[in-house]
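Good morning, and thank you for making time for this presentation. I would ask you to look at the sequence and the structure together as I speak.

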Amino acid sequence: MRTRVLRLLRRPWTAAVAAVALVVSVLVAMPASGAAAAACRVDYGVDAWAGGYTARVRITNLGPAVSDWRLTWTYTGDQQVTSAWNATVTQTGASVVAVDAGWNGAMSTGGTAEFGLQGTWRSADPAPDDFALNGTSCGDGGTPTATPTTSPTAPPTTPPPTTPPPAAECGDAVICSGFEDQAGPEPSGDWRFTAPDCQGTGTAAVDSAVSHAGGRSLRVDGRAGYCNHAFVAHSADLSSVGPVMYVRMWVRHTTALPTSHVTFVSMPDSAQGGRALRVGGQNGALQWNRESDDATLPAQSPAGVALSRPLPTDGWQCLRFAIDTSAAGLDTWLGDEQVPGLHADGVPTQDVDQQWLTRGTAPRPTALRLGWESYATGDDTVWFDDVAVGSAPIGC
């Protein structure tokens with residue numbers, strides 16, 4: 001992955017972005033004598049992959065102190081903003097408006113504010129231009145100069161820890177499967193292969209050579225590339241499980257989670273019209289993703305990602321979820337550790353669940369699918385074993 005840092009002054013950069021990491025900084029300096037004073041300097045850093053990007057935006061106020069701010073810019077490609085953190089971001093055509101989140105609205109002269117966003121693109125992802133702060137252009141002039149990028153501010157507080165579910169067997173779980181009832185290499189009985197949207201070269205099979213307990217597991221050979229779906233779905237109807245749905249599984253995989261977005265658990269969600277509530281990874285760490293609006297938990301800022309955890313490779317990991325179907329609450333445990341970045345409790349937390357909680361409707365998963373879905377890069381071989389879903393806590 002390549003990283004480039006540029007400052008743009010007079011000329012907009014128009015090179016298309018391929019599936020690489022890219023960092024671009026836009027600097028607008030004070031103009032020559034006699035011209036109007038620039039309102040701000042903007043550092044705009046991009047991490048891009050095929051079809052998507054995240055951007056980290058830092059505003060430096062070069063004018064009088066303000067109690068709130070509104071930053072506007074124009075995209076010169078076909079970028080579309082899908083979500084944001086630490087600001088409210090809206091888009092009309094190529095024009096984008098970012099408004100402070102309230103707590104970060106005040107900026108003194110020389111002061112800064114930072115926010116981030118996530119989006120998609122199809123044919124081109126060049127740097128934006130025409131930045132303006134509170135209606136005043138950030139100006140132009142000067143000579144392009146290399147500059148380091150800075151990371152968004154870490155969250156002021158960490159979500160409080162909660163007690164993990166106690167260790168237990170499946171109990172009265174609706175799904176309780178170690179794949180021991182699978183007689184052949186093809187998933188059968190309650191488990192069936194499916195490619196929810198489109199199928200590529202990914203495969204799934206019952207593996208009698210690798211298992212967490214017993215003699216069998218589910219193996220998925222996931223392949224990279226958009227719309228290369230390979231899942232095995234359980235036939236159980238989960239629409240009445242709850243009000244809190246508890247999910248436990250043992251997972252083993254071979255390749256570290258990539259920078260680009262991948263999914264290995266997909267649950268059709270009636271609250272999203274059947275679109276999926278997904279568990280996977282991005283930027284090397286575990287994340288939740290909501291298909292209907294592409295919201296993520298945690299936010300994909302550096303501070304948010306740091307509050308998640310990678311999924312260790314080459315060993316079995318106990319992964320557990322608690323999904324509140326009556327509110328917008330989620331909890332996630334990796335082993336006995338609650339992952340702070342994968343926790344939503346209805347109270348917005350900076351860099352964690354602010355964008356996740358913009359949708360007030362509680363999730364209502366109706367089925368469980370295990371497999372692999374990549375949206376850019378990311379081959380992996382994943383095994384699943386000892387899977388359980390029920391209305392009571394299920395331990396490792």
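**Disulfides and one buried leucine**

The torsion about the S-S bond of C170 and C176 is about 85°, so this disulfide is right-handed. Please bear in mind that we are looking at a predicted model. The sulfur atoms of C170 and C176 lie 2.0 Å apart. C170 counts as buried, at 12% relative accessibility, whereas C176 counts as partly exposed, at 49%.

How many disulfides does the count come to? The count comes to three.

Another of them joins C40 to C138, with an S to S distance of 1.8 Å. The link of C40 and C138 is right-handed, with 55° about the S-S bond. This pair links distant parts of the chain, 98 residues apart: C40 is in strand β3, and C138 is in the loop between β11 and β12. C40 is buried at 0% relative accessibility, and C138 is buried with a relative accessible area of 0%.

I turn now to C318 and C396, which a disulfide joins at 1.9 Å from S to S. C318 lies in strand β22 and C396 in the segment after β26, so the pair ties together parts that are 78 residues apart in sequence. The torsion about the S-S bond of C318 and C396 is about -95°, so this disulfide is left-handed. C318 is buried, at 3%, while C396 is partly exposed, at 35%.

Finally, I draw your attention to L311, in the loop between α1 and β22. L311 counts as buried, at 5% relative accessibility. The residues that L311 touches include V251, F264 and L334.

How values were computed
Residues are numbered from 1 along each chain as its sequence is written. This is a predicted model: local features need pLDDT of at least 70, side-chain atom pairs count only at pLDDT 80 or more; totals for chains, interfaces and linings use all residues. Side-chain values use heavy atoms; hydrogens and water are left out. Helices (H or I, at least four residues) and strands (E, at least two) are DSSP runs, numbered from the N terminus. Buried means under 20% relative accessible area, exposed over 50%, partly exposed in between (1.4 Å probe, protein chains only). Contact means heavy atoms within 4.5 Å. A disulfide is a pair of cysteine sulfur atoms within 2.5 Å. Lists of a residue's contacts leave out its neighbours within four places in sequence.
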